[in-house]
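Me: Hi! I'm new to this one, could you walk me through it?
Reply: Happy to. Here it is.

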Amino acid sequence: MSVTREEGLAAWERIYAVASHPRCTNCHVGASGVPMWEGLSYGPGAAHGMGIRADASRIGAQSIPCRTCHLTTDSPNSQPHAPPRIAQAWRLPPVELDWLGKDSAALCAQLRDPATNDGNDIAGLVAHLQSSPFVAWGFAPGGGRSFPAGSVAELAEDVALWGRAGTPCE
Ligand code: HEC
Ligand code: HEC
């Protein structure tokens with residue numbers, strides 16, 4: 001089924017609204033290795049408390065490992081302000097998946113290029129979104145946290161649609 005450029009752009013706008021939400025950007029911070037605490041009542045630009053650094057390992061191997069507080073377990077932490085936990089090692093993404101503060105055009109160009117999106121074609125991005133416990137957590141974080149509009153399935157559909165439209169950005 002053919003998809004128009006306009007439909008592709010509309011899909012991208014919905015994708016951007018999700019990807020730029022703090023439940024995603026608090027981890028997708030890039031080279032600083034400092035996770036963020038935005039959208040949690042500490043105000044805009046708030047960095048993770050307690051001097052946490054993810055370093056090159058992305059799991060804090062050289063200082064305080066993330067797992068010290070973010071246990072790997074399938075029993076979620078629903079208390080407000082408790083460290084989120086999921087059934088996968090809590091960690092930051094690779095440095096290149098740096099989205100924090102990026103505008104729509106910049107993030108679009110980055111996500112459609114395998115050289116800057118961790119080596120994914122559109123099918124790879126869709127598969128990640130459908131299976132990632134991090135993405136699933138972002139839509140259902142618990143503890144009174146805000147979350148982006150839509151669902152994992154709608155986000156994956158939008159990425160597929162955006163791909164069929166030729167990944168338009170603006
Ligand atoms: C706890 C940290 C964390 C959160 C929160 C998070 N991610 Fe990620 N994300 C990662 C990690 C780590 C990777 C690298 C791939 C992997 O190890 O699963 C990644 C990779 C990705 C990728 C690229 C796929 C790939 O193969 O690397 C996309 C797209 C993505 N995340 C989307 C999202 C979206 C959308 C949200 C919010 C709904 C989100 N992420 C929230 C940690 C996170
Ligand atoms: C000493 C305990 C501790 C360690 C170690 C720790 N965290 Fe956290 N983290 C917390 C707590 C507590 C919260 C919840 C803060 C809140 O909701 O007010 C949190 C929240 C977060 C959030 C924000 C989630 C959201 O709701 O958007 C991210 C991202 C995060 N941590 C990443 C990491 C990463 C990556 C590491 C390892 C490099 C790490 N943390 C190490 C205690 C810790």
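**Aromatic pairs and an iron site**

Reply: A search of the whole structure, which is a predicted model, turns up five aromatic pairs.

Me: Nice. How are W12 and Y16 arranged as a pair?
Reply: W12 and Y16 make a tilted pair, with 6.2 Å centre to centre and 40° between the planes.

Me: Why do you give both a distance and an angle?
Reply: Because a pair of aromatic rings is described by the distance of the centres and the angle of the planes.

Me: Got it. Where in the chain do W12 and Y16 lie?
Reply: Both are in helix α1, which covers residues 5-19. W12 and Y16 are four residues apart, about one turn of the helix.

Me: And are W12 and Y16 buried or exposed?
Reply: Both W12 and Y16 are buried.

Me: What about W12 and W162?
Reply: W12 and W162 also form a tilted pair, at 5.1 Å centre to centre and with 35° between the planes. This pair links distant parts of the chain: W12 sits in helix α1, while W162 sits in helix α6 (residues 152-164), 150 residues apart. Both W12 and W162 are buried.

Me: Which residues end up in the cluster?
Reply: W12, Y16 and W162 do, linked by ring pairs.

Me: Changing topic: which protein donor does the iron atom of ligand 1 have?
Reply: H28 is the only protein donor of that iron atom, through NE2 at 2.2 Å.

Me: Where is H28 found?
Reply: H28 is in the loop between α2 (22-25) and α3 (104-111).

Key: Residues numbered from 1 in each chain as written. Chains lettered and ligands numbered in written order. Predicted model: local features only at pLDDT ≥ 70, side-chain atom pairs only at ≥ 80, totals over all residues. Heavy atoms only, no water. Phe/Tyr/Trp six-rings, centres within 6.5 Å; stacked < 30°, edge-to-face > 60°. Helix = DSSP H or I, 4+ residues; strand = E, 2+ residues; numbered from the N terminus. Buried < 20%, exposed > 50% of the residue type's maximum accessible area, 1.4 Å probe, protein only. Donors = N, O, S within 2.8 Å, 3.2 Å for Na, K, Ca; no water.
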